[in-house]
Amino acid sequence: TAAAALASALPAMAQKKIVLGFSQIGAESEWRTANSESIKQSAKDAGIELKFSDAQQKQENQIKAIRSFIAQKVDVIAFSPVVESGWGTVLREAKAAKIPVILTDRAVNEKDDSLWVTFMGSDFVEEGRKAGRWLVDKMKDAKGEVNIVELQGTVGSAPAIDRKKGFEEIVKADPKFKIIRSQTGDFTRAKGKEVMEAFLKAEGKKINVLYAHNDDMAIGAIQAIEEAGLKPAKDIVIISIDAVKGAFEAMMAGKLNVSVECSPLLGGQLMQAVKDLKAGKTLPKRIVTEEGIFPMEVAAKEFPKRKY
Ligand code: GZL
């Protein structure tokens with residue numbers, strides 16, 4: 001009978017796996033590697049079929065991947081936008097195809113926020129403020145000028161724009177703080193080292209502080225500082241963001257002063273959001289990741305507990 005046929009088909013239909021298309025930025029940093037690992041493992045744990053693409057930090061590759069997910073008629077699309085702008089067209093194509101989009105990690109600056117269901121990730125402005133507050137406290141007794149050099153993240157990316165904004169909001173309150181050089185190191189160790197070498201050549205012993213928008217650039221800069229015969233974390237105070245393993249190792253070696261946490265472990269939250277979406281639930285427009293700050297003094301105690 002029809003009822004029997006339906007009953008026998010039901011289990012298969014019920015088991016139809018949710019298909020998630022995820023466009024990842026690349027593999028530029030320890031943070032990104034941990035983020036990808038979290039997404040892949042969480043999809044497995046959640047029984048969600050993951051189509052994962054790595055864009056090698058190129059926006060055009062992310063757009064291509066999203067178009068391919070639309071063509072494959074995936075259930076949900078999620079991505080971490082490498083830069084804030086230039087997403088309107090492809091997001092409208094996803095909307096026209098009735099495929100919901102979740103933004104993870106980084107935001108887009110599109111006005112029409114109906115183009116995505118939710119944005120989950122850290123508050124980068126607050127991360128910049130935390131870095132600034134730590135420095136103001138560290139330098140409260142410093143006489144004279146405090147000269148800062150800044151290694152910015154990828155040009156046009158939400159973390160680079162917002163971490164700069166938050167840091168400057170705090171340090172500009174005291175005129176002794178001067179950002180004397182600021183340039184992108186594109187979130188990588190190699191570029192961070194290269195740009196720090198240029199800073200040292202140009203400014204040398206005038207540099208009191210390095211503010212790096214992520215640990216990978218800070219680790220590259222530490223190599224440049226040592227090759228210039230200076231002591232990282234002593235001759236030059238170093239502040240960075242992410243709190244990845246490499247940062248804890250540098251802090252335990254006395255070469256990095258502090259790292260502001262930016263958790264890459266978004267996989268579990270993402271898969272829950274995908275399931276809720278397919279179950280017809282409404283998601284909050286913004287899901288903020290909770291995170292702390294780790295000065296070198298606590299690094300050894302915290303290190304065994306770290307998950308990324
Ligand atoms: C932050 C993330 C940034 C990390 C970098 O959420 O987008 O990109 O801080 C990574 O390490 O490359």
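Analyst: Let's begin with aspartate 216, which is buried, with a relative accessible area of 4%. Here, buried means under 20% relative accessible area, exposed means over 50%, and partly exposed lies in between (1.4 Å probe, protein chains only). Please keep in mind that this is a predicted model, where local features need pLDDT of at least 70 and side-chain atom pairs count only at pLDDT 80 or more, while totals for chains, interfaces and linings use all residues. Residues are numbered from 1 along each chain as its sequence is written, and side-chain values use heavy atoms, leaving out hydrogens and water.

Aspartate 216 forms a salt bridge with arginine 189 (3.6 Å, N to O). This pair links distant parts of the chain, 27 residues apart: aspartate 216 belongs to helix α8 (residues 215-227) and arginine 189 to helix α7 (residues 189-203). Helices (H or I, at least four residues) and strands (E, at least two) are DSSP runs, numbered from the N terminus. Arginine 189 is partly exposed, at 36%.

A salt bridge is a side-chain nitrogen of Lys or Arg within 4 Å of a carboxyl oxygen of Asp or Glu. The whole structure holds 28 of these salt bridges.

Another one joins lysine 164 and glutamate 150, at 2.6 Å from N to O. Because lysine 164 lies in helix α6 (residues 158-171) and glutamate 150 in strand β6 (residues 146-152), this pair ties together parts that are 14 residues apart in sequence. Glutamate 150 is buried, with a relative accessible area of 0%.
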